[in-house]
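Please open the structure in your viewer and keep the selection tool at hand. The tour below goes from one selection to the next and says what is to be found at each stop.

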Amino acid sequence: MAHHRALLAVAALAGLAAPARADDSAALALATALHQKIAQCWNVPADLPAHVDAVRVGFSLTEAGELDGSPKVDGPVAGDPATKTFVASAVRAVVRCAPFTGLEKLAPYDTWKSVSVTFRRPEM
């Protein structure tokens, strides 16, 4: 498996729209911090076919930044092996990166207790 810079988008933080208790710069700093951390933990499967699409992985965090339960994939996962491998790599990246420390310095806990991250295959 090749290690690539991950193409991630922090798609939702606690209230998808701009959270009422966090200003835009705090939300951006939080998204950037999560992106950078998860990108370091993601081993993108090599030679992904073009049909492999983005996958969204949601997870909850404790106030200490530890996973609160298992990450969950939003939506069904197609039956082909390449897509299943891609989805499994995304979930492993989230698990591997935990705990997510220092988030409390960027925004209130309510802003990041539930996170959804979109993983996209890199352009080859």
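Begin by selecting Cys41, which counts as buried at 14% relative accessibility, where buried means under 20% relative accessible area, exposed over 50% and partly exposed in between, with a 1.4 Å probe and protein chains only. This is a predicted model, in which local features need pLDDT of at least 70 and side-chain atom pairs count only at pLDDT 80 or more, while totals for chains, interfaces and linings use all residues. Residues are numbered from 1 along each chain as its sequence is written, and side-chain values use heavy atoms, with hydrogens and water left out.

Cys41 and Cys97 form a disulfide, with their sulfur atoms 2.0 Å apart; the term stands for a pair of cysteine sulfur atoms within 2.5 Å, and a search of the whole structure finds one. The link of Cys41 and Cys97 is right-handed, with 120° about the S-S bond. Because Cys41 lies in helix H1 and Cys97 in helix H2, the pair ties together parts that are 56 residues apart in sequence.

Now show the whole chain as a cartoon. Its secondary structure comes to three helices and four strands, following the pattern β-α-β-β-α-α-β along the sequence; helices (H or I, at least four residues) and strands (E, at least two) are DSSP runs, numbered from the N terminus. Of the 124 residues in the chain, 38% are buried.

Which residues have the most contacts inside the largest nonpolar core? Select Ile38, Phe59, Leu61, Phe86, Phe100, Leu103 and Phe119, which have the most contacts within this core of 25 residues; such a core is a set of buried Ala, Val, Leu, Ile, Met, Phe, Trp, Tyr and Cys residues joined through side-chain atoms within 4.5 Å. The elements that give two or more residues to the core are helix H1 (24–41), E2, helix H2 (81–97) and E4, and its largest share, six residues, comes from H2. Centre the view on Phe59, whose contacts (heavy atoms within 4.5 Å) include Ile38, Leu67, Pro71, Val94, Phe100 and Val117, not counting residues up to four places away in sequence.

Finally, colour the chain by pLDDT, the predictor's confidence in each residue from 0 to 100. The mean for the chain is 82, and 80% of its residues reach 70 or more. Confidence is lowest in strand E1 (residues 7–13), at a mean of 47, and highest in strand E3 (residues 72–73), at 96. Over residues 10–22 the pLDDT is below 50, and this stretch has 31 contacts in the model beyond near neighbours in sequence. Where pLDDT is low, the predicted coordinates should not be read in detail.
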